[in-house]
Amino acid sequence: MNFEEYSGVWVFIEENDGKIAQVSLELLGAGRALANKRGVELAGVLIGDKINGLSKTIFEYGADSLYVYDQPIFKYYRTESYMQALLHCSEKYKPEIILYGATSTGKDLASAVATDLPTGLTADTTELDVEEDTGLLLASRPAFGGNIMATILCKKYRPQMATVRPKVMKALSQEKGRIGNVIEEKIDLKEEDIRTKVLEIVRHTSKKIKIDEADIVVAGGKGLGSAQGFNLIHQLAHTLGGVVGGSRDVVEAGWVEHHHQVGQTGVTVTPKIYFAIGISGAIQHIVGMKNSGLIIAINKDPNAPIFQSCHYGIVGDAFEIIPLLIQAFHTALHGEEVEV
Amino acid sequence: MLHIVACIKQVPDTKVIKMNPKTNTMDRASAPAILNPYDAHAVEEAVRLKNKYGGTVSVVTMGPPPAVKAIRKCIEIGADEGYMISDRAFAGADTLATSYALTKAINKISEIKPIDLIICGKMTIDGDTGQVGPGIARRLDIPPLTSVNQVVEVNKEEGFMVVHRKLEDGHEVIQTSLPCLLAVEKEINDVPYSSFPNMLKAARYKPHIWSVNDLDGIDKKQLGLKGSPTIVAKVWAPPKPEGGKLIEGSTDEKVEQILSIVLEKKELFEEVRGSE
Ligand SMILES: Cc1cc2nc3c(=O)[nH]c(=O)nc-3n(C[C@H](O)[C@H](O)[C@H](O)COP(=O)(O)OP(=O)(O)OC[C@H]3O[C@@H](n4cnc5c(N)ncnc54)[C@H](O)[C@@H]3O)c2cc1C
Ligand SMILES: Cc1cc2nc3c(=O)[nH]c(=O)nc-3n(C[C@H](O)[C@H](O)[C@H](O)COP(=O)(O)OP(=O)(O)OC[C@H]3O[C@@H](n4cnc5c(N)ncnc54)[C@H](O)[C@@H]3O)c2cc1C
């Protein structure tokens with residue numbers, strides 16, 4: 001393998017319903033730093049159907065070039081079709097690095113592409129750096145349930161690939177009017193050759209803000225005792241105009257649905273205010289909320305690890321404190337008293 | 001009759017594992033070895049499909065000799081056969097080398113009995129990459145379907161199945177040709193307590209154990225550390241977070257203080273107030 005032939009940092013641009021996924025913008029920010037350090041180009045790869053309108057945004061967030069595969073066969077994400085496009089592009093233009101969001105689509109695609117190329121793939125990266133002269137990607141990730149961090153290298157293969165956790169890297173601020181180079185590509189793929197069909201897409205339409213977009217998250221843990229006790233979390237969130245979060249244990253207990261789970265196997269959140277109430281603060285929970293603006297923990301055990309990961313801690317009984325908090329906030333924000 | 005193969009791995013229970021603060025390594029002895037929790041759901045789903053459509057469930061693992069225990073656990077859940085590939089040559093494999101070795105084992109199992117469906121867990125709790133399942137599917141050239149949270153139908157006669165793949169805000173309904181590979185979410189099923197007859201059967205069960213030389217046409221250069229493009233260069237303990245400020249006082253005083261800290265961010269509440 002001649003490494004000289006491989007140049008440039010690429011970001012797979014994930015698109016859902018005509019919108020670019022936030023993680024792709026974050027990766028353009030992270031990729032820009034790597035490309036600058038190496039003195040190479042930053043490019044996006046965009047695959048879909050009727051997606052040309054998106055290129056402007058991709059350049060405004062830092063890409064120099066964009067490879068576009070705009071064909072009806074790419075209307076829905078499917079491993080087999082998207083993988084063919086990415087393999088085609090990578091074999092033709094030979095990048096040194098390809099980054100993907102560690103979303104279900106990004107992980108699915110990257111795992112398949114890595115096997116076919118073949119090359120190494122670092123999973124769920126949270127820190128990225130590159131050696132300026134050799135171009136070696138230093139991708140670090142939590143493993144063993146967050147108990148350790150490990151730096152993974154891929155010395156003998158190109159491109160080097162990594163999936164990167166959403167909400168960890170920072171997108172650049174949008175530079176209006178910044179332009180770049182669009183390279184339109186096509187591959188010859190027939191619908192008959194693709195072995196999976198999307199029969200239907202079902203959206204669970206709730207108008208509620210998604211937990212990873214919320215400014216205020218009120219999260220509760222096993223310390224709330226029961227589904228009924230957990231209601232206090234809903235009430236407090238409602239009073240504050242926030243969204244409910246939960247630890248894995250309360251999701252497993254069925255007190256709240258899985259898409260509210262914060263942590264390593266749930267969602268990573270970065271709200272302006274995060275309440276952790278009756279949550280012990282296991283490392284797997286912490287990795288999902290530690291970048292929040294203001295973390296307030298309430299726990300009756302003064303030795304709970306959560307107190308090592310918060311800005312303000314209150315040692316006390318949730319059942320005593322939350323009703324008082326609901327009262328106080330209600331009066332302050334809505335100017336009236338409530339029954340709790 | 002379906003032949004379903006579930007891929008399973010024995011892992012240290014990372015919930016209880018302790019770190020050696022001096023060397024920054026994991027004290028493996030501190031953690032019991034368990035069946036990867038996600039793989040229990042993979043096996044359970046295979047068993048449910050067997051019960052519905054008829055057939056056989058085999059499980060396969062690559063691991064050191066003690067991993068026989070994880071196979072026994074799968075027999076308890078209801079699997080019929082267990083296969084293990086175990087050899088020093090496999091040690092240090094990354095996901096690419098792991099999927100290569102497992103594919104060779106699966107090929108050998110399919111010679112014993114052709115395979116209709118392969119089921120993996122979403123991920124393991126130790127390496128936790130989620131990359132092995134799609135890797136196996138690509139090597140076998142069958143469709144990989146990740147994030148599966150429901151199996152709707154399996155139709156072996158017509159050679160297809162229908163599943164739900166979880167999306168962030170819903171799910172998609174996918175039809176795929178058979179054979180294929182699923183990586184399943186935990187929510188796909190609940191794993192019940194094992195039945196007494198299965199426990200008895202598991203205790204006596206002797207899995208088929210193969211070494212490298214039992215696998216036909218294997219390229220040793222693609223195995224273990226040698227066959228792995230990625231290497232773990234450095235391992236360290238995540239930085240200890242700094243403790244926050246404890247709010248002291250009577251309960252009322254504590255509540256009062258939280259109120260003022262939170263309300264300082266007044267821009268967050270304009271809308272809440274405005275909507276009243
Ligand atoms: C691979 C892996 C992935 C994982 N992923 C996640 C994840 O994504 N998210 C996640 O959250 N966890 C995850 N976990 C689980 C994690 O290890 C913990 O088990 C879990 O976070 C604990 O949930 P908890 O804090 O609600 O419960 P517990 O640990 O049981 O803590 C309950 C807390 O409530 C306090 N309490 C009790 N009563 C009261 C009261 N009346 N008032 C105030 N406080 C009270 C107790 O002091 C205690 O600290 C994962 C684990 C593994 C192994
Ligand atoms: C600290 C650390 C970090 C690592 N990071 C990476 C990395 O970024 N990239 C990389 O390529 N490798 C990495 N590895 C290596 C990786 O852990 C091993 O390749 C491991 O054998 C398989 O990966 P996994 O545990 O992530 O499995 P996953 O891909 O998470 O497993 C998914 C499913 O595949 C099946 N499966 C997985 N392993 C087996 C098995 N041995 N036998 C049978 N079925 C199995 C199970 O159904 C499982 O649920 C890392 C290892 C360590 C120690």
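The model is predicted. Ligand 1 lies between chains A and B, and ligand 2 also lies between chains A and B. The protein covers much of each ligand's own accessible area: 87% for ligand 1 and 92% for ligand 2.

**Ligand 1**

- The shell around ligand 1 has 28 residues, and the closest are Lys222(A), Ser247(A), Thr265(A), Ser280(A) and Asn299(A).
- By class, this shell holds 6 nonpolar, 15 polar and 7 charged residues.
- Three helices of chain A, namely H6 (248-252), H7 (283-286) and H8 (318-334), each give at least two residues to the shell around ligand 1.
- Ser247(A) places a polar side-chain atom 2.5 Å from an oxygen atom of ligand 1.
- Lys222(A) approaches through its backbone, where an N or O atom lies 2.8 Å from an oxygen atom of ligand 1.
- Asp317(A) has a polar side-chain atom 3.0 Å from a nitrogen atom of ligand 1.
- On its own, ligand 1 has 990 Å² of accessible area, of which the protein covers 87%.

**Ligand 2**

- Around ligand 2 there are 35 residues, and Cys7(B), Asp39(B), Thr95(B), Thr129(B) and Gly130(B) come nearest.
- This shell divides into 17 nonpolar, 12 polar and 6 charged residues.
- From chain A, strands S7 (121-125), S9 (137-143) and S10 (148-154) each supply at least two residues of the shell around ligand 2.
- From chain B, strand S6 (55-62), helix H3 (95-112), strand S8 (117-121) and strand S14 (230-236) each do likewise.
- In the side chain of Arg141(A), an N or O atom is 2.8 Å from a nitrogen atom of ligand 2.
- A polar backbone atom of Cys7(B) is 2.7 Å from an oxygen atom of ligand 2.
- A polar backbone atom of Asp128(B) is 3.5 Å from an oxygen atom of ligand 2.
- Ligand 2 has 940 Å² of accessible area on its own, and the protein covers 92% of that area.

- An unreviewed UniProt entry annotates residues 9-198 of chain A as "domain: Electron transfer flavoprotein alpha/beta-subunit N-terminal".
- That span of chain A, residues 9-198, is 27% helix and 33% strand, and its end C-alpha atoms lie 32 Å apart.
- Ala304(A) sits in the loop between strand S17 (294-299) and strand S18 (312-315) of chain A.
- Ala304(A) counts as buried because its relative accessible area is 4%, under the 20% cut-off.
- Ala304(A) and Ile279(A) are 25 residues apart along the chain, and their C-alpha atoms are separated by 8.4 Å.

- Chain B is divided into domain 1 (2-222) and domain 2 (245-276).
- The C-alpha centres of these two domains of chain B lie 49 Å apart.
- Helix H2 (residues 68-77) of chain B is largely enclosed by the rest of the structure, because 7 of its 10 residues are buried.
- The buried residues of H2(B) are Val68(B), Ala70(B), Ile71(B), Cys74(B), Ile75(B), Glu76(B) and Ile77(B).

Conventions: Residues are numbered from 1 along each chain as its sequence is written. Chains are lettered from A and ligands numbered from 1 in the order in which they are written. This is a predicted model: local features need pLDDT of at least 70, side-chain atom pairs count only at pLDDT 80 or more; totals for chains, interfaces and linings use all residues. Side-chain values use heavy atoms; hydrogens and water are left out. Domain bounds come from an automatic or database domain assignment. A residue is near a molecule or strand if one of its heavy atoms lies within 4 Å of it. A polar contact is a pair of N or O atoms within 3.5 Å; within protein, one must be able to donate a hydrogen and the other to accept it, and residues adjacent in sequence count only if both atoms are side-chain atoms. Accessible areas come from the Shrake-Rupley method with a 1.4 Å probe; for residues, only the protein chains shown count as cover. Helices (H or I, at least four residues) and strands (E, at least two) are DSSP runs, numbered from the N terminus. Ala, Val, Leu, Ile, Met, Phe, Trp, Tyr, Cys and Pro count as nonpolar, Asp, Glu, Lys and Arg as charged, and the others, Gly among them, as polar. UniProt positions are given in the numbering used here, feature names are shortened, and annotations may be inferred rather than shown by experiment. Buried means under 20% relative accessible area, exposed over 50%, partly exposed in between (1.4 Å probe, protein chains only).
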